[in-house]
Amino acid sequence: MPEPRTRPPTNSLQTQPLTPSGSAPEQDGTLCPICREHAPSFVIPTPAADDEQRSGVPHRPLQEIHRQAVGDGDAQTELERFKLEMRRYAPVQKGIKGLPWRGSWLCGRCDEIVPGQFVYDEAADAIDLELACPTCGTYRERHQDALFVKQRPPAHHRQPGETYSGFPIRPILTELPRTVETLCPECSSLILGRYFVKDRAVWIEKTCPEHGYFRDKINSDVELYLRGTRSGFQDERGVFQPQVEGGSACPTDCGLCNQHHSTSCLAQIDLTNRCNLACPVCFASANQAGYVAEPDYEVVVEMLQTLRNQHPHPATAIQFTGGEPTLHPDFLRIIRQANELGFSHVQIATNGLLLADLDFAQRAAEAGLHTLYMQFDGLDDGLYQELRGRKLLERKLATIENCRRTGMKVCLVPTLVKGVNDNQVGPLLRFAAENADVISAIAYQPVAFTGRISREDLAQKRYTLGDLAHDLSAAAGADLHRDFFPLNHIAPLSRIMQTLDGKPKIRPSCHSDCAFGTYFFVTPEHELIPIPGVFDTMRLFSGLNELAARIERTRPDQRANWRDRISMLWTFLRSYRWRSADRRVNPLTFMHALRGMTNKRHGRGSAGRRTYRTLMAAGMHFMDRYNYDTERIRRCVILYSTVDGVYPFCTINGGPTYRPFIEKMLAQPIAEWRAAQADRTPTPTTAADNA
Ligand code: SF4
Ligand code: SF4
Ligand SMILES: [Zn+2]
Ligand SMILES: [Zn+2]
C-alpha cells in the first residue's frame with residue numbers, strides 16, 4: 001500500500017534554489033564553519049500528486065530532505081514504525097532512570113551464567129555490574145562507561161565536545177570491561193551489554209528482556225584490541241546541517257542525523273538489487289526479494305548530489321554497489337556523471353563477471369571507473385562453488401587482466417568465514433603482491449551474520465580482526481604489535497593533505513573496532529615491507545596532526561606555507577626508524593608513495609623508480625546484531641545515499657538492517673520491471689554515444 005508522507009516541515013529553514021555546486025545563495029546567511037561556504041538549506045516540498053516512487057511513496061527530492069527525527073505517534077512509514085519499535089526499552093535514552101538494567105552475565109569467578117544488573121554508583125559517578133552468583137555470592141565489577149556517567153572520560157586533547165548540531169561526542173573508551181549500547185539479535189531493540197575479557201579475547205554479552213541471553217566474540221586478541229582503541233586521535237564533528245535533526249536514539253534516527261560524528265569516507269549507492277549470482281553470504285540478498293529495486297538515472301544523480309552537498313567534507317569517493325551494479329541499464333552513464341559531479345574516486349563493488357569482457361571493461365574505464373572492489377574469496381575454485389554457488393576463478397582472473405590493460409585498479413574483497421576460507425589470507429596476500437601493478441589493496445571482510453544463527457555456528461564461524469592480524473602477520477612476517485593499526489590512526493594524513501591544496505579531504509574517522517590492518521611497500525621483487533617497520537607511525541601521525549591543527553589555527557586561508565612544508569618534511573625525517581629501517585625505503589620514497597596514493601595524476605608510479613608500490617591489507621568488520629555497538633555506528637564512514645536520506649552501512653546491511661524497508665520504496669514487481677525494460681530506449685553508454 002502506498003504510504004503518503006505528509007508530515008509538514010518541522011524546521012524553520014526555507015527552500016533555497018541550489019546553485020550547481022550545491023551551495024545556497026548568499027542571502028541564506030548560514031556559513032559552514034570549516035569550508036566557509038554557504039551550506040544548502042532544505043525543506044520538504046509538498047509532493048505533486050503524480051510525483052511518486054514506484055512503490056507509491058511520494059518522491060521527495062533528496063537534496064531537500066530535512067526533517068525531525070521520528071517521534072512517538074509520528075511514524076508514517078513501515079520503516080519509521082520499525083524504528084520506533086526498536087526504542088521500546090532504550091535504556092540509555094532514559095539516562096540513569098534506565099537503570100538498573102537486569103540480565104544474565106558470565107561470572108568472572110566461576111564461569112557460570114548468573115543473574116545481575118547494571119547499577120549507578122552515585123558517589124563515584126560510575127557504573128557497576130552487580131552480579132548475584134549462587135556460587136560466588138553478590139559482588140560488583142566496575143565498568144568503564146560513557147553512556148551514563150557525568151564525568152568526561154579521558155580523551156585526546158583535541159577531542160571536540162559535540163557535533164556541529166550540538167550532540168555530545170563521547171570518546172572511544174580504552175579500558176575493559178565497559179558498558180555498551182547494543183541491539184537484541186532477535187528483535188533489534190536497543191539494549192545494554194557488557195564488553196569483557198575472557199581467555200585473552202574480547203567478548204560482548206547482553207540480555208533482551210524478551211529474547212534472552214546472547215554472547216559473541218568481538219576480537220580474539222585483547223592486547224591488539226586495546227592498542228587499537230588507543231591509536232586514534234580526535235573525532236570529527238559530523239555534518240553541518242544534517243538532514244535529520246533532534247535525534248537522540250541512534251541508530252533509529254538515520255539519516256544523516258545530528259548525532260553522527262563522521263562524514264563519508266567511501267560513499268555508497270545501490271544501483272540495483274538484481275545480481276547475476278545468488279550467493280548464500282550476500283548482504284543484499286539480491287534475487288531473493290521477489291521485486292526489482294533499481295533507482296532511475298535521475299534519482300541516482302540526486303543521490304550523488306546529496307553526497308557532494310555535505311559540509312564540511314563533501315564525499316569525494318563513491319562506490320556503486322547492489323546487487324551487481326554493472327547490471328544497471330545506465331551503468332556507464334552513471335559512472336561518467338559521478339566524475340562530472342566532482343567525485344575524484346569512482347569504484348564499484350562487483351563480482352567482476354561482466355568486466356571479464358574486454359570491450360565492456362574498456363568502456364567502463366573510458367567512462368571514468370577507477371577501481372573494482374571485487375569479490376574474491378580465494379585462489380581455490382572449490383571455495384567459489386561453496387560460497388557463491390559457481391566456479392568463478394577463471395573469469396575473475398580475466399577481469400584482473402582487463403583492469404591491467406585498461407588502467408583500472410583492483411581491491412580484492414574476500415569474505416572470510418572461519419573454517420571455510422580463513423586459510424586464504426596468506427595466499428591472497430602473496431597473489432596481490434605479485435600483481436601489485438594492478439591490485440592496490442585487499443579488503444578482508446569477516447563475514448557478518450544477518451539472519452538467525454545458532455550459538456555453536458556463531459562461535460565456529462566468527463572471524464575477527466584479531467584473527468586477521470595474526471594471519472597477516474604469519475603470512476607477511478609483519479610484527480603483530482608494531483605493524484597493525486586501526487583506520488582512524490591515519491586520519492591526520494587527511495588533515496595535513498587538506499592544508500596542502502585547500503580542498504576538503506575525506507576523514508577516516510571510524511571507530512577503532514571497525515577497520516584494522518596495515519600498509520606494505522612492495523619491492524620490484526614482490527617482497528612486502530610493512531610501512532610501520534620503516535616509520536614510527538604514532539610519532540609521524542601525531543606530528544602531522546599537531547602541525548595541521550597549527551596551520552588551521554594560524555594561517556588565514558588554512559593553507560600550508562613554505563615553513564609548514566619544511567616542518568612536514570622534518571616530521572617525516574624524525575619518524576623514520578634510522579636504526580632499524582629497511583634502507584630500500586626512505587622518507588622521500590614514502591612521500592612519493594603518499595602523493596601517488598592520493599593524487600590520480602601521479603598515480604602509483606613505476607615500481608622501483610623513486611617509489612615503491614603500496615598495498616593495503618586490512619579488514620573492515622561490518623557489524624551485525626550480535627556485536628552491535630552504537631558508539632561504532634555513530635562514527636561510521638561508509639555512508640549510503642538512499643531515497644530516504646543518508647544511512648550508515650551497518651544500519652542498511654547489518655544491525656537494524658533497513659535495506660528491505662528502503663528497497664521497498666523503489667520496488668517494482670518483477671513482471672512489471674521486465675515489461676518496462678522491453679519498452680526502454682537504450683541510453684547512451686560511451687563517450688561517442690553521448691557526444
Ligand atoms: S547511525 Fe548516525 S545517522 Fe543513524 S541515528 Fe546513529 S548517529 Fe544518526
Ligand atoms: S561500515 Fe560498519 S564496520 Fe565499517 S565503519 Fe561503518 S560502522 Fe564501522
Ligand atoms: Zn560465580
Ligand atoms: Zn529482543
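Trainee: What percentage of the 691 residues in the protein do buried residues make up?

Mentor: In this predicted model, buried residues make up 50% of the 691 residues.

Trainee: What do the contacts in the protein with a separation of 6 or more show about residues 24 or more positions apart?

Mentor: Residues 24 or more positions apart account for 67% of those contacts. The secondary structure, for its part, comes to 20 helices and 25 strands.

Trainee: Which residues of α11 and α13 meet?

Mentor: From α11 they are P492, L493, R495, I496 and T499, and from α13 they are F541, L544, N545, L547, A548 and I551. By class, this contact has eight nonpolar, two polar and one charged residues.

Trainee: What makes the pair α5 and α7 oblique?

Mentor: Helix α5 (residues 358-367) and helix α7 (residues 393-406) pack at an angle of about 45°. Again the roughly parallel class needs an angle under 35 degrees and the roughly perpendicular class begins at 65. α5 and α7 are therefore oblique to each other. Their axes are 10 Å apart, and the crossing is right-handed. In this contact, L358, A361, Q362 and A365 belong to α5, while N402, C403, R405 and T406 belong to α7. These residues divide into four nonpolar, three polar and one charged.

Trainee: Which residues come nearest to ligand 1?

Mentor: Of the 14 residues around ligand 1, the nearest are C250, C254, C257, Q259 and H260. The shell divides into seven nonpolar, five polar and two charged residues. In this division Cys counts as nonpolar.

Trainee: How does the shell around ligand 2 divide by class, and which residues come nearest?

Mentor: Its residues divide into twelve nonpolar, two polar and one charged. Of the 15 residues around ligand 2, C510, C514, C636, F649 and C650 come nearest. The elements that give two or more residues to this shell are α16 (630-633) and α17 (649-652). Both Cys and Phe count as nonpolar, so the five nearest residues, C510, C514, C636, F649 and C650, belong to that class.

Methods: Residues numbered from 1 in each chain as written. Chains lettered and ligands numbered in written order. Predicted model: local features only at pLDDT ≥ 70, side-chain atom pairs only at ≥ 80, totals over all residues. Near = placed C-beta within 6 Å. Helix = DSSP H or I, 4+ residues; strand = E, 2+ residues; numbered from the N terminus. Buried ≥ 20, exposed ≤ 12 C-beta atoms within 10 Å, placed from the backbone. Contact = placed C-beta atoms within 7 Å. Axes fitted to C-alpha atoms, helices over the stretch in contact; angles between N-to-C directions. Parallel < 35°, antiparallel > 145°, perpendicular 65-115°, else oblique. Left-handed = near helix turned anticlockwise from the far one by under 90°.
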